[in-house]
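Try each task before you read its solution.

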Amino acid sequence: MNSASNKIFAKAWMAIVYLFLYLPIITLVVFSFNDSKLVTVWSHASFRWYAALAKDSDLISAVLLSLEIAGLSALMSVFFGTFTAFALNRYKRFHGRTLLTSMSSMPLVMPDVIVGLSLLLMIVSVQNWLGFPERGLFTILLGHALLGTAYAAVVVTSRLREMDSKLDEASMDLGCKPMQVFTLVTFPLLVPALVSAFLLTFTLSFDDVVLSSFLSGPGYSTMPMVIFSRARLGLNPTINAVATVTIAVVTIAVIASSFYTSQQERKRKREEAQAYSNSNK
Amino acid sequence: MAKKQSFFTSLSAGRLVVIGVPYFWFLLLAAIPLLIVLKISLSEMESTSISHMIDWSHGWPRLTLNFGSYQFLATDSLYFKTYLSSIKYAAITTLLCLVIGYPFAYYMARSPKHMQPTLLMLIMLPFWTSFLLRIYAWKTLLVSNGVINNILISLHVIDTPIEMMNNSFSLLLGMVYSYLPFMILPLYANLSKMDMRYLEAAADLGTSPFKAFWLITVPLSKAGIIAGSMLVFIPAVGEYVIPELLGGSSTLMIGRVLWDEFFSNNDWPMASAVAVVMILLILVPMGVYNKAQAEQMEGK
């Protein structure tokens with residue numbers, strides 16, 4: 001085995017995998033600027049499909065609905081996910097801890113069709129019993145928030161684990177009440193994790209088609225539902241245009257958030273270092 | 001110590017809330033719905049509400065169970081074939097993801113340290129763009145008048161378009177494409193934490209790099225392999241969107257059967273029975289996954 005050829009092989013392997021991952025995204029973007037009605041045959045560059053998208057009121061109202069659901073469900077996910085992470089990390093022993101662990105990881109691994117079916121059947125049972133909720137925005141929201149809570153719990157948990165519990169103890173020794181420890185110490189340290197959990201669960205909700213299809217009622221079509229029903233019928237250049245717009249927004253958001261997180265991290269490290277050097281004086 | 005004591009006692013109300021809120025949330029939205037699925041799978045089509053299932057004619061509540069849906073599942077060989085084919089496709093997907101993802105994660109973990117965050121972000125970035133749109137993009141690439149065929153024809157590599165859509169090739173490609181990051185991420189997390197001194201020691205003792213890889217690196221990354229494989233295999237068994245968009249009618253996947261039972265046939269008990277059997281199939285790999293996760297946490 002020769003290490004130079006090994007290195008070339010390693011680089012080639014990585015390049016091919018990256019190409020594989022990005023090829024469809026590049027195609028989507030390139031062909032959104034194609035003038036031809038045929039999605040796959042290049043004629044010449046134009047913004048024709050963006051103009052069509054601007055007039056596509058079905059798709060636009062679906063995008064607005066998806067944004068609304070994604071924002072609300074991400075908030076709910078971060079809220080319940082933080083609770084879950086605290087329950088599982090701060091309390092190592094309580095009755096039914098195993099049950100909570102497995103329930104909270106269930107939505108992560110269970111196929112979407114099962115989560116969607118089970119939630120719908122539960123909602124229908126409640127409906128028969130109490131007369132509400134009607135299928136629509138609220139029920140989609142519940143489904144997405146369930147899925148998001150599981151993911152948010154994972155993100156917050158990993159942050160809680162690497163956080164120094166000495167800081168909590170120190171602030172308690174200095175006389176902080178438990179609530180103050182949370183608001184003054186733990187919460188500020190958690191903010192970057194909460195931001196990334198929000199973005200992740202927002203994206204999950206914005207992307208979901210299976211849960212929404214099970215849980216939505218008449219008149220409530222999310223963007224993925226509209227795209228899915230069009231993609232089933234065939235290829236449609238407007239989909240490329242809407243894809244390019246979302247890809248642009250997501251890329252900017254991801255880069256901005258990773259920039260923000262790394263900056264926060266640096267700031268925190270600096271402050272910690274300063275605190276330690278002060279205490280050693 | 002006294003301070004700590006008072007901290008925990010003062011928090012007992014807080015403790016109740018912190019544990020109670022997520023408990024209530026997941027019981028309502030995760031556990032109870034699954035029990036309802038089980039219940040409805042044991043009812044008849046006309047009487048899916050729970051009150052219909054409880055028989056009061058004897059003066060006390062008695063649950064009437066109906067195994068009709070399960071009998072139908074067992075007798076119609078199409079269901080059996082579909083379960084088998086779903087497992088087959090999920091297993092092939094897992095294997096392909098492992099074969100592609102392991103070397104990738106390995107090389108990524110051995111890349112210069114300052115490069116690794118960027119390489120990792122490049123894996124996550126497609127993950128952030130809509131999965132549905134990426135699957136749709138494969139459709140535009142693979143169809144017979146699609147981008148790949150057009151390019152190959154214009155380069156005179158082929159004369160007639162290759163059939164790449166609506167078969168097991170396009171299905172597997174879409175599944176490997178979608179699930180590959182789920183394989184790479186746990187493998188990378190595992191491999192990047194590995195203690196390189198083991199490999200140095202092996203080299204000092206005269207082990208060839210190839211042998212050291214199989215005898216040291218692979219066994220040490222067992223937890224990552226298990227986690228990655230389960231994260232791919234379990235959702236792949238029940239996948240619906242990819243077979244619907246890329247698989248065509250010839251590829252049998254159980255997620256689609258469930259969907260059709262529910263949305264086309266409106267047969268809720270049958271859809272529930274299909275779901276219950278699917279859950280039973282996933283239960284074993286899920287147990288393996290949870291056990292591996294727990295072991296890894298204790299090992300830390």
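Helices (H or I, at least four residues) and strands (E, at least two) are DSSP runs, numbered from the N terminus. This is a predicted model, in which local features need pLDDT of at least 70, side-chain atom pairs count only at pLDDT 80 or more, and totals for chains, interfaces and linings use all residues. Residues are numbered from 1 along each chain as its sequence is written, and chains are lettered from A and ligands numbered from 1 in the order in which they are written.

**Exercise 1.** How many helices and strands does chain A have?

Solution: Chain A contains 11 helices and 0 strands.

**Exercise 2.** How many residues of chain B are in contact with chain A, and which helix gives the largest share?

Solution: Start with the term: two residues are in contact if their C-beta atoms, placed from the backbone, lie within 7 Å. By that rule, 74 residues of chain B are in contact with 65 residues of chain A. Next, look for the source: helix α2 (residues 12-41) of chain B supplies the largest share of that side, 18 residues.

**Exercise 3.** At what angle do α3(A) and α2(B) pack, and which residues meet?

Solution: First, helix α3 (residues 57-90) of chain A packs against α2(B) at about 120°, with the axes 8 Å apart. Axes are lines fitted to C-alpha atoms, for helices over the stretch in contact, and angles run from 0 to 180 degrees between N-to-C directions. Finally, find the residues: F80(A), F83(A), T84(A), F86(A) and A87(A) in α3(A) meet V18(B), I19(B), V21(B), P22(B) and W25(B) in α2(B).

**Exercise 4.** What radius of gyration does chain A have?

Solution: Chain A has 24 Å, while a compact globule of 281 residues would be near 19 Å. The radius is taken over C-alpha atoms, and the globule rule is 2.2 Å times the number of residues to the power 0.38.
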